[in-house]
Amino acid sequence: MLKPIITLKDIAVTLGGEQVLKNFNLTIGDGEFVTLLGPSGCGKTTVLRTIGGFITPDAGDVFFGEQKITDVPPHKRAVNTIFQKYALFPHLNVYENIAFGMRIKGKKEDEIRRTVNEMLHMVNLDGMARRGVGSLSGGQQQRVAIARALANEPKVLLLDEPLSALDLKLRKDMQSELKKIQQAVGITFVFVTHDQEEALSMSDTVVVMDKGQIQQIGTPIDVYNEPKNAFVADFIGESNILDGTMVEDYLVEVAGQRFKSLDSGFGTMAPVDVVIRPEDIDIVPTASSAAHVAGVVTSVTFKGVHYEIIVDVDGFKWMIQTTDSAKVGDRIGLALTPDDIHVMARSEYSGKFGDYSSFSEEMGMARLSSGKEADDA
Amino acid sequence: MKILLKIYTALLFVFLYAPILVLIVFSFNDTQTSSRTQFSGFTLRWYERLFEDRYILEALFNTLLIAVVSAVCATVLGTLAAVGINRLKKLPRRVMMNITNFPMVNPEIVTGVSMMLLFVAATGLFGGKNLGMWTLIIAHITFCLPYVILSVLPKLRQMNPNLYEAAQDLGCPPIPAFFKVVLPEIMPGIITGMIMAFTLSIDDFVISYFTSGTTQTLPIYIYTMTRRRISPEINALSTVLFVCIMALLILINVRQSKAEKEQREKGDAR
Amino acid sequence: MRNNKLICAPYTVWMTLFIIVPMGLVAFFAFTDRSGAFTLHNIAQVGQYSNVFLRSIWLGAIATAVSLLLGYPLAYIIARANPSRQSALVMLVMLPMWMNFLLRTYAWMTLLEDNGLLNALLTAVGLPRLHMINTAGAVVLGMVYNYIPYMILPLYSVLTKIDPSVIEAAQDLGADSKKVFLKVIFPMSMPGVISGVTMVFVPAVSTFIISKMLGGGGNLLIGDLIDMQFLGSAYNPNLGSAISLVLMVIILICMGIMNQFDDGEEVGGGMLL
């Protein structure tokens, strides 16, 4: 475990009469790239603003290393923030924006000049120093915001959905660039997003949040492969979530069949949620001995790399992603291996996710766009 | 149809400007009988008289003094108030906005009369001087305040609220952060508010009339002049004021369009 | 972030002292006699002046209606002009406002007099002279002249914000230009109408200068009445306060009625500049 740099202990925050965080605990290690991931309103921005000092928690404490900073005002904290809409100072040019923090600290002019130029070089904005910030594109403004924050030599950089205002192509470029910058400067990044793909591809550690609570903390691979509950399984990637029963250790019953499993410790005959990722399922002829369950294809969508096939198995609709094609109305068999079956304890989210019976393209779009709304809590 | 609209527009502007034009023309009218209908020769006599008139000059001085003092006070007080109101929660903000809007919808004469009652009561209670300069300044600050607040508030609302936080985030304590970041952002609103306060103060008659005691301001002096009915000096005064205002407005307009042009060029540079 | 209340405090104190307390004093004077004892006599006395109240409201309403009818087309023309001409036209509308309104009204005195410029013009073209000064018509004219910019500017600022594509959509859906105006433009400009009507009606109803200068002695308005009680011959602040109070109530009622036509929340004079 890395040396902790930020610790939140039993934090409670109420905003506008609503309890956003309650008994919130989180430890962030020095030099980590941590992502807070969750739907809008889950409290992730509130966590960030608490670390930044813009929200004073009703209860609990914030620690910076060993030192308690709960009551330290924002301007005295060694953390800097990249705001969602960048918050560049419109009356100052690029140079003066980046120099702002150093001027307040009373640094010498030639040191300021050196640092600003270094920063401009790092974010690929050489020669733009005298431009007004109003004349920059979204991506350029983003880079200035990063340069401005890093010029202040923070120990921790907080990023509040910094890429949400950029278009898809630029967003991808900035993702890898941010990761590179983080590795170059070697400081802790705390990144807030609602985009699971962004979270998985950038982070060392992902913190999945919902309703002001941490649902799971882990590496991107962990949270994808070993989701703790139905919420995490559904929020990160696509999943078929089925009711199952843990017959005994390493043996689970799901969809009317018993499967070997890699999980244990749930007790005997315990009700559980079972996650099967769409890409882990193979389709085989119903007659094949490999077929564990059989169903009727209700929809087939070509996605480029693979087909997305919805299969009705006794009323429960499965999603399958496969390079093999099938036709609507075909009766096909589904093959599973113990590796594909992940067992989770029952939670408040059980039964809410994972059935694709209402799935259609429009629904998928609606979900995508609602997820894109700003997280203003 | 088009021509009809043009004629209509032209007539309306004639309606708006003809009286002013008449005033100006007759300020140069050389006549002994002070006839206001016949133009009997060019003279600058009324202008000479105007600038020799001790009372007018004193009234002018008073007006400018009151306008400067009350515009500055109203701007400072109003900007602070706007910043405060902007941060209030919904309900108290509503209350404050209603108080702010009240003097703007209340008939001026009622505002004037009510303040007169207050000042008379105050001099009765605390002794003190009669109504005059100080009551005028208080009254002017009061009726200018809402205009300042209403021109600053929209700028505060337009501002990205993260700006103030960003400055603090970069190590700037709250109060310097306000001056370094928030103030430059809302400056246009503050300046508009100050100009409005200044012109409103210079122009005010009704409220001044009830709160001035024996102190003369220019509008009050104009009022006493109109009561004497025939005095071409008024025409001269009108002309001088009109020319000053025109010059000021043209200046502001030129500056504005220049700034806009620069903005546009900056935008094109992308 | 924490000293919000402190920032607002000076303003709150100021407005309390110089707006709320004076209004309280008006109410106090209205309900007391000269010795300070409670009485309803003043309010009752206001009834004697109902003809003055009716005249003020009547003339104010006419002036407001005329301003609306004259001002709306101009506001619309300005809003549809190309941007560079728009600002020039707005300037032209505003410019007379910057001239002291006593002087503007004085100008009309010289024009309307029995041997004034307009009558000279009439005789020159062989028409009989008209008696115009010191009539109710002159008072309405003065009101329209002084306050019409307050009608045009809010109308303009609302009309100019109407998205042209909304009008195109209406045309696309089969509305002719008359229907477009009645069904789309006018309803959308309602906030401007309301704020314009308020900004003309309130000062017109409560004026005392215009009636004094253009109306002679025969066209007494509420404003003159109040003036007389405080600074005039009929010195009686108690009665004056009572009249002021009634005037305020009338205006509040009128504005309440006006606001019924508006779904928006904020009506006020904030759109001047």
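**Before you start**

Residues are numbered from 1 along each chain as its sequence is written, while chains are lettered from A and ligands numbered from 1 in the order in which they are written. Because the model is predicted, local features need pLDDT of at least 70 and side-chain atom pairs count only at pLDDT 80 or more, whereas totals for chains, interfaces and linings use all residues.

**Stop 1: chain C**

Select chain C. Its secondary structure consists of 13 helices and zero strands; helices (H or I, at least four residues) and strands (E, at least two) are DSSP runs, numbered from the N terminus. Along the principal axes, the C-alpha atoms of chain C fill a box of roughly 75 × 70 × 30 Å. Of the 273 residues in chain C, 43% are buried. A residue is buried if 20 or more other C-beta atoms lie within 10 Å of its own, exposed if 12 or fewer, and partly exposed in between, with C-beta atoms placed from the backbone.

Now look at contacts inside chain C. Two residues are in contact if their C-beta atoms, placed from the backbone, lie within 7 Å. Among the contacts in chain C with a separation of 6 or more, 71% are between residues 24 or more positions apart.

**Stop 2: helix α13 of chain C**

Select residues 237–260 of chain C, which form helix α13. How far apart are the end C-alpha atoms of α13(C)? They are 34 Å apart, which agrees with the 34 Å that 24 residues should span at 1.5 Å a residue. The expected span of a helix is 1.5 Å times one less than its number of residues. Colour the buried residues of α13(C); among them are Pro237(C), Leu239(C), Ile243(C), Leu247(C) and Ile251(C).

**Stop 3: where chains B and C meet**

Show chain B beside chain C. Of the two pairs of chains in contact, chains B and C share the most contacts. Their contact takes 59 residues from chain C and 61 residues from chain B. On the chain C side, the helices that each supply at least two residues include α1 (4–30), α3 (50–80) and α13. The largest share of that side, 15 residues, comes from α1(C). The side of chain C that touches chain B divides into 45 nonpolar, 13 polar and one charged. Here Ala, Val, Leu, Ile, Met, Phe, Trp, Tyr, Cys and Pro count as nonpolar, Asp, Glu, Lys and Arg as charged, and the others, Gly among them, as polar.

**Stop 4: chain B**

Then select helix α6 of chain B, residues 133–158. Where in α6(B) does a kink lie? It lies at Cys144(B), shortly before the proline Pro146(B), and is about 30 degrees. The bend at a residue is the angle between axes fitted to the seven residues ending there and the seven starting there.

**Stop 5: where chains A and B meet**

The contact takes 22 residues from chain A and 18 residues from chain B. On the chain A side, β6 (79–82) and α2 (94–105) are the elements that give two or more residues. The most come from α2(A), with four residues. This side of chain A divides into eight nonpolar, 11 polar and three charged. Chain A and chain C do not touch, and their nearest C-alpha atoms are 9 Å apart.

**Stop 6: strands of chain A**

Find the open sheet of four strands in chain A, ordered β2-β1-β4-β5 with antiparallel pairing. β2 (18–29) and β5 (67–68) of chain A stand at the edges with a single partner strand each, so one side of each is left without a neighbour in the sheet. Two strands pair if DSSP finds at least two bridges between them. Strand β4 (residues 59–64) of chain A pairs with β5(A) over two bridges, and Phe63(A) has Lys68(A) as its bridge partner in β5(A).

Next, select β9 (residues 205–210) and β10 (residues 213–218) of chain A, which run antiparallel and are joined by five bridges. Val208(A) stands opposite Gln216(A) in β10(A). These two strands form a hairpin with two residues between them, and Lys211(A) in the turn has a positive phi of about 50 degrees.

**Stop 7: two loop residues of chain A**

Glu161(A) sits in the loop between β7 (156–160) and α5 (168–185) of chain A. Is Glu161(A) buried or exposed? Glu161(A) is buried, because 24 other C-beta atoms lie within 10 Å. Last, select Met269(A), in the loop between β13 (257–260) and β14 (270–276) of chain A. Met269(A) counts as exposed, because it has 10 C-beta neighbours inside 10 Å.
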